[in-house]
Amino acid sequence: MAQCVSCGRELAEGSLYCNTCGAAQNLPYRKLYRSTAQRQLLGVCGGFAEYWELDPTVIRVLYVVLTFFSGILPGVVLYLILALIMPKR
Ligand SMILES: [Zn+2]
C-alpha cells in the first residue's frame, strides 16, 4: 500500500490524488525490476510484465517465440544479461 505524501493515510497503489485530503501524489517513477512475485526462472519476464502491466504469461510466450525465431542462443544470452542487469525488487 502507498501512503499519502501529505496526510499519511493509506492509498490504493498508483493513486494520483489522496481521497482524504486531495493532495497530489508525486509517484515514484516506475522501475524495471526482476519480479520476485511473478517468476518462473529469474523473474525477468515477470519484471517486464509488472513494468508494462501485462500478463507475465503473455510476455513469456512472446519471449520464447522470439527466442526460437532468433535461433535460441541470442534469446538465452539476452535473458541472462537482463537477469544480471535488472535488480531484484
Ligand atoms: Zn492525504
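Guide: Helix axes are lines fitted to C-alpha atoms over the stretch in contact, and angles run from 0 to 180 degrees between N-to-C directions. This is a predicted model, in which local features need pLDDT of at least 70, side-chain atom pairs count only at pLDDT 80 or more, and totals for chains, interfaces and linings use all residues. Residues are numbered from 1 along each chain as its sequence is written.

Visitor: Why are helix 1 and helix 2 called oblique to each other?

Guide: Helices are DSSP runs of H or I with at least four residues, numbered from the N terminus. The axes of helix 1 and helix 2 come within 8 Å and cross at roughly 125 degrees. Angles under 35 degrees count as roughly parallel, over 145 as roughly antiparallel, 65 to 115 as roughly perpendicular and the rest as oblique, and helix 1 and helix 2 are therefore oblique.

Visitor: What makes E53 exposed rather than buried?

Guide: A residue is buried if 20 or more other C-beta atoms, placed from the backbone, lie within 10 Å of its own, exposed if 12 or fewer, and partly exposed in between. E53 has 8 other C-beta atoms within 10 Å, and is therefore exposed. E53 is found in the loop between helix 1 (44–52) and helix 2 (56–69), and its phi is near 55 degrees, a positive value in a residue other than glycine.

Visitor: How do you know that I72 counts as exposed?

Guide: I72 has 11 C-beta neighbours inside 10 Å, so I72 counts as exposed. I72 lies in the loop between helix 2 and helix 3 (73–85).

Definitions and conventions
Helices (H or I, at least four residues) and strands (E, at least two) are DSSP runs, numbered from the N terminus.
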